[in-house]
Structure formats: structure tokens, C-alpha cells
Amino acid sequence: MTVEEQYMDALYPEDPVLERVKANIRELGMPEISVAPNYGRLLTLLVNLSGARQVLEIGALGGYSGICLARGLAEGGSLVSLELEEGYAAVAKRHLTEAGFGDRVSYRIGEALDSLAQLEREGAKFDFFFIDADKENYPNYLEWAIRLANPGAVIAADNTLLRGRTVNPDKNGPSVLAVRRFNEQIAQDERLQSAMLPAYDGLALAMVK
Ligand code: SAH
Ligand code: MG
């Protein structure tokens, strides 16, 4: 985290629930790639502002961002979270339950692309999307989000800078190429209104018109 990010996080009181989640993730040897505290607060704020009732997360890990999203849910709202690893989804479910959202979250285990196709077959629609899974599929996830969006839905996507690789012309691996394509798509797609922030590891925000 940058010194500026640390400064801003220090303005807020500690959040024992989310700290416990981060500590558990570390103890369990899971990747320490959950969103940063202030970033999580932004997610809560955005879900709240949008009035979203149906939220879809792609990439649950240990449930850190899931708790942040769930905290912003409108009355009666719920979160669907897609996760490849069964063990991670179990940890996330436990953390959401401990945070008081156990009855408002459901996990779909497996390839997110399969779960997205299944959600479409079920006729599911969402008001808010948080894209934060495998980077190679970011362009696909964007298309799926637009397809499953209610009018006015919000799309947020993490890691659009790939720790600088996105803007390094010497880096041209599959993730980098996919994220560059995703960034161009979200910036130019006529169906979206969007903006990008270089904060943290890069954050893209869009609204489906
Ligand atoms: N959003 C989380 C962090 C997610 S890390 C947070 O901030 O708290 C990315 C997650 O995406 C990992 O848990 C990984 O297992 C999952 N993932 C990777 N590839 C995936 C795929 N193809 N389908 C579904 N989930 C995937
Ligand atoms: Mg991320």
C-alpha cells in the first residue's frame, strides 16, 4: 500500500470483522490479494448509492470484498458470488456468516463462465457487478455483466493496472493483453458510461445505460 493509502486508512477506526478476515486468510495460507480497507469502503458506498438489491461478485477468495458489498445492500437484497475454488468459497461463506450476512449470500463454485451461463438460463439479473477473478476472462466478464444487467446497473472491476504491467509495453502476456482489451472496451462501449481510477491496482467503474 502507498503511504497515501495508509494515511487515508488511518483516518478510519479499525474494523475488527474485516481484520479478522485478513488474519484468517493469512493463517490459512490463501493469497493475500483482498481489496484494501478503503477500497472496500468504496464498494460499500457504491452499492449503497446505487440502491442495488442483486449484487454479483466474480472472485470471492475469503469473502473480504463480499462483506463490503453485502454491507451496502438495500433491504431484502442479496449477493451471489462466483468462485472457482470450493475451499475458498467455504472460507468466504464462513466469513460472511460471521459478519451477519450468511442468509443473504450464495456461492456458485466452478468456472465463473459456466456459472454466468447458468445464471442467464435462470433469468437472473443484477444491479451491481464486482469483477475480480482471473484476468484473462475480463473481456468475457464485461460482456456477461452487460448481458445480465438491469438498466442502470453498476460495474466495478479491480486490478486494471496489473501492478504496472498494463502500462509496460514490454509486458504482453495473456492477462496483460486481456486487461488492456477490457480497459479499451469499458472506456469505449456505447452501452456504458464509465470512468477509471489509478488508485490501488486500478479500478474501472461503469454504469449500464
Ligand atoms: N474479491 C476478493 C479477491 C478475489 S481474488 C476480495 O477482494 O476479497 C480472485 C479470486 O478469483 C480467487 O479466489 C480465485 O480462486 C478466483 N478465480 C480465479 N479464476 C476463476 C474462475 N475462472 N472462475 C471463478 N473464480 C475464479
Ligand atoms: Mg483484485
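**Exercise 1.** How far is an oxygen atom of ligand 1 from an N or O atom in the side chain of Glu83?

*Solution.* Start with the ground rules. The model is predicted, with local features needing pLDDT of at least 70 and side-chain atom pairs pLDDT 80 or more, while totals for chains, interfaces and linings use all residues. Residues are numbered from 1 along each chain as its sequence is written, ligands are numbered from 1 in the order in which they are written, and side-chain values use heavy atoms, without hydrogens and water.

Now take the pair. The distance at Glu83 is 2.6 Å. A polar contact is a pair of N or O atoms within 3.5 Å. Next, go to Val35: a polar backbone atom there is 2.9 Å from an oxygen atom of ligand 1. Then turn to Asp134. Its polar side-chain atom lies 3.3 Å from a nitrogen atom of the ligand. Finish with the area: alone, ligand 1 exposes 580 Å², and the protein buries 91% of that (Shrake-Rupley method, 1.4 Å probe).

**Exercise 2.** Describe the shell around ligand 1.

*Solution.* Count first. The ligand is surrounded by 21 residues (a heavy atom within 4 Å). Gly59, Ser65, Glu83, Glu111 and Asp132 are the closest. Then sort by class: 11 are nonpolar, 4 polar and 6 charged. Here Asp, Glu, Lys and Arg count as charged; Ala, Val, Leu, Ile, Met, Phe, Trp, Tyr, Cys and Pro as nonpolar; the others, Gly among them, as polar.

**Exercise 3.** Which pocket does ligand 1 sit in, and what lines that pocket?

*Solution.* Ligand 1 sits in the largest pocket (more than half of its atoms lie within 2 Å of the grid points). A pocket is an open set of points on a 1 Å grid over the protein atoms alone, where a 1.4 Å probe fits, with protein on both sides within 12 Å along at least five of seven lines; lining residues have an atom within 4 Å of a point. The space is about 1,100 Å³. The lining has 42 residues, with Ile33, Ser34, Asp132, Asp158 and Asn159 closest to the centre. By class, 20 are nonpolar, 8 polar and 14 charged. The largest share from an element, 3 residues, comes from α2.

**Exercise 4.** Which element gives the most to the lining of the second largest pocket?

*Solution.* This pocket holds about 240 Å³ of space. Its lining has 14 residues; Asp15, Glu19, Pro37, Arg41 and Tyr64 lie nearest the centre. α2, α3 (37-50) and α4 each give two or more residues. The answer is α2, with 4 residues.

Conventions. A polar contact is a pair of N or O atoms within 3.5 Å; within protein, one must be able to donate a hydrogen and the other to accept it, and residues adjacent in sequence count only if both atoms are side-chain atoms. Grid points are joined across faces, edges and corners, and a volume is the space filled by probe spheres set on the points.
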